[in-house]
Amino acid sequence: MSGETVGGGGRGGRKVDHATITTPTLQRKFIQRHEQSVSVGSDDFILVEDLGPHRKISVKEKVDNLGPWVQKKYRKSMTKKNLLKRLPILQWLPQYNVGDAVGDLVAGVTVGLTVIPQSLAYSNIAGLPAEYGLYGSFLGAFMYIFLGSCKDVPMGPTAICSLLTYTTLKGLGTQYATLLCFLSGVIQLIIGIAGLGIIIDFISDPVSSGFTSAVALLITMSQVKDILGVKAAGSTFVEMWISLSKDIHHTRVWDTLLGIVCIVCLLLLRILGDVQIGPAESTGLPRTTFQRTFNKILWLIGTSRNSILVVLCGILGYNLYQPGLPDSEQTLLVIGYIPPGLPEWKLPPFSVEQNNVTVGFLEMVTRMGQGIVVLPLVALLENIAICKAFSNGKTVDATQELIAIGLCNIGNSFCQSFPGSGSLSRSAVNNSSGVRTPLGGLYTGFLVIVSLMFCTPYFFYIPKTALAAVIVAAVVFMVEVRVVRPIWRSKKSDLIPGIATFIACLVLRLEVGILIGIGLNLISILYHAARPKISMEILKSRAGEEYLLLTPDRCLIFPSVDYVSNLVTKHSIKQGIPVVIDCSHIYGADFTAAKVIEVLTQDFSRRKQPLFFYNLKPSVVAVFEGIKPKDFVVYYNEHQLDNLLLQHTANLRKIEMIA
């Protein structure tokens with residue numbers, strides 16, 4: 001079969017229309033002038049497949065072949081190349097040097113100073129005791145050193161995972177949180193091993209932006225109660241507002257004032273970290289030693305702002321706290337007792353005792369609902385987004401990241417943690433601190449262990465409003481208002497799933513909101529698949545024979561085939577001349593399409609009107625020929641079309657002479 005294109009005189013060609021809507025178009029598609037001839041169609045490479053008969057393999061043969069297949073897969077997985085891929089530490093450790101060690105030490109300590117106050121705060125978002133955030137901030141960081149492929153990812157609790165944990169647990173307790181961490185890791189690991197990371201591709205950027213923005217508002221709303229010093233609950237934005245309004249009259253003045261001051265200070269310190277004195281780097285002029293040192297101090301203060309604020313507020317809380325008085329009479333509400341030492345190492349709970357009744361594994365899973373599936377997917381999306389943001393154009397091994405995060409969450413479940421992922425804010429700190437390899441997580445995890453061993457008595461006095469301020473100052477920048485204008489300029493319809501996801505996540509439960517966004521994306525994809533665009537032109541062959549050229553722009557599958565068939569029938573009857581369907585863009589078809597093509601060829605045959613298929617891929621030909629349609633004609637070059645059209649003209653003349 002030749003890869004040549006069909007000949008057709010562009011001379012005398014005239015437009016018909018361009019559908020999904022059948023309105024005239026000015027486009028002249030697939031026409032290229034070459035001296036005296038005009039080529040119509042595509043020069044796409046055609047893969048020639050063996051369409052001959054194949055021997056059916058028996059079940060016994062398949063079973064017998066299973067052993068060799070497993071051995072082959074095992075040998076392939078044990079190759080040096082695959083081991084280097086699945087244990088990234090083997091790639092960078094042999095080249096590790098003193099410069100890398102210094103960069104990792106500085107970055108690890110800096111991230112550690114950030115993760116400790118964040119972990120305490122994220123536990124509050126998840127509705128869990130403060131120590132559970134710290135429990136999830138060291139073992140995963142250690143494991144990621146061996147498994148992680150992105151140097152900038154600091155494994156641990158995140159704002160989004162914490163909020164999804166809260167909405168999934170619905171106050172069920174810490175044992176459910178640990179089981180949720182284990183199940184999230186298992187799901188992530190399975191997705192990675194099975195290569196199902198494509199699932200994440202169904203979450204488009206507008207949906208992701210709508211979801212992230214809604215999460216930011218929900219987290220902010222969940223922390224307002226601690227800033228005001230009141231009680232509130234609820235898993236949706238509306239529920240939180242209603243609950244907050246009922247207790248708003250109990251607002252505590254000093255907690256509110258301290259919270260507002262802390263937010264303002266954190267935002268100012270964030271700006272301070274970007275302040276630079278001396279000549280700009282773009283000028284090429286050198287800075288003095290004093291200027292470089294001063295800039296480094298400002299950057300360190302800005303980067304460590306959370307730790308600085310928590311320490312200062314902890315000192316304030318220590319001086320104002322009065323032992324023996326109830327919380328209602330204290331000047332500031334503090335986070336209270338945190339158990340000292342490392343967590344107890346044990347298996348995740350697969351059953352719990354509640355009110356002298358044993359709740360089994362399946363019932364525990366049922367109580368947590370669809371959040372068990374949504375949370376690990378969103379955590380993966382968050383982690384992959386971080387890897388891409390800091391990849392500097394390098395390829396991101398998504399499969400390895402899925403495996404790494406999955407194993408880290410499984411490991412964290414053995415030390416009573418709740419689900420975590422890579423944190424965007426801590427990744428930015430890690431990157432700007434000059435991290436060289438994932439070994440920076442060693443120093444971060446070590447700092448968390450030190451804080452659990454020796455600092456928990458001092459955590460008692462940290463005001464709740466200070467931790468709430470840390471969260472609010474961090475998540476306020478997650479509201480992605482800036483993406484609205486580019487989306488509007490690029491494709492306005494993409495705002496629909498984004499805005500719908502944003503509203504749904506605020507009004508409904510988070511997992512329901514993200515599923516609605518994904519559903520709208522799928523509907524959009526299916527709609528475009530069901531309504532392909534079809535270019536229509538009347539052209540002339542080299543022999544002067546007129547024909548109608550129809551060019552669908554995508555594959556023929558069951559949602560679209562009736563639509564395409566109706567358009568072909570409508571315009572073929574209207575024009576009354578031979579019809580050529582350019583199949584260069586049709587790379588697939590199904591049984592429904594084959595049945596419709598059978599009916600279509602029969603209709604054309606009854607009308608004595610020729611229907612030809614140009615450049616149809618062999619795999620699609622096999623699908624169509626499976627039902628043996630009548631007068632199914634496929635051609636692949638210009639000469640064949642000339643012969644087919646001349647033969648049709650000759651047949652018409654014979655019929656006229658007989659008549």
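Predicted model: local features only at pLDDT ≥ 70, side-chain atom pairs only at ≥ 80, totals over all residues.
1. Start with two helices. H6 spans residues 139-147, and H18 spans residues 440-459. Their axes come within 8 Å. They cross at roughly 165 degrees.

2. What does that angle say about direction? An angle over 145 degrees counts as roughly antiparallel. H6 and H18 are therefore roughly antiparallel to each other. Their crossing is left-handed.

3. Now look at who touches whom. H6 contributes Ala141, Phe142 and Ile145 to the contact. From H18 come Gly441, Leu442, Gly445, Phe446 and Ile449. Six of the residues in this contact are nonpolar and two are polar. None is charged.

4. An α-helix has 3.6 residues a turn, so residues three or four places apart point the same way. Keep that in mind when reading the residue numbers in the contact.

5. Which residues of H6 are buried? They are Leu139, Gly140, Ala141, Tyr144, Ile145 and Leu147.

6. H18 is one of several partners for the buried residues of H6. These residues also pack against helix H2 (80-86), helix H3 (89-92) and helix H16 (398-413). Strand S5 (155-156) is a partner as well.

7. Turn to strand S11, residues 579-582. Both of its faces are covered. Val579 and Ile581 are buried on one side. Val580 and Asp582 are buried on the other.

8. S11 has a partner strand, S10, at residues 546-552. The two pair in the parallel sense, over three bridges. Leu548 stands opposite Val579 of S11, and Val579 is among the buried residues of S11.

Technical notes
Residues numbered from 1 in each chain as written. Heavy atoms only, no water. Axes fitted to C-alpha atoms, helices over the stretch in contact; angles between N-to-C directions. Helix = DSSP H or I, 4+ residues; strand = E, 2+ residues; numbered from the N terminus. Parallel < 35°, antiparallel > 145°, perpendicular 65-115°, else oblique. Left-handed = near helix turned anticlockwise from the far one by under 90°. Contact = heavy atoms within 4.5 Å. Nonpolar A, V, L, I, M, F, W, Y, C, P; charged D, E, K, R; others polar. Buried < 20%, exposed > 50% of the residue type's maximum accessible area, 1.4 Å probe, protein only. Pairing = 2+ DSSP bridges.
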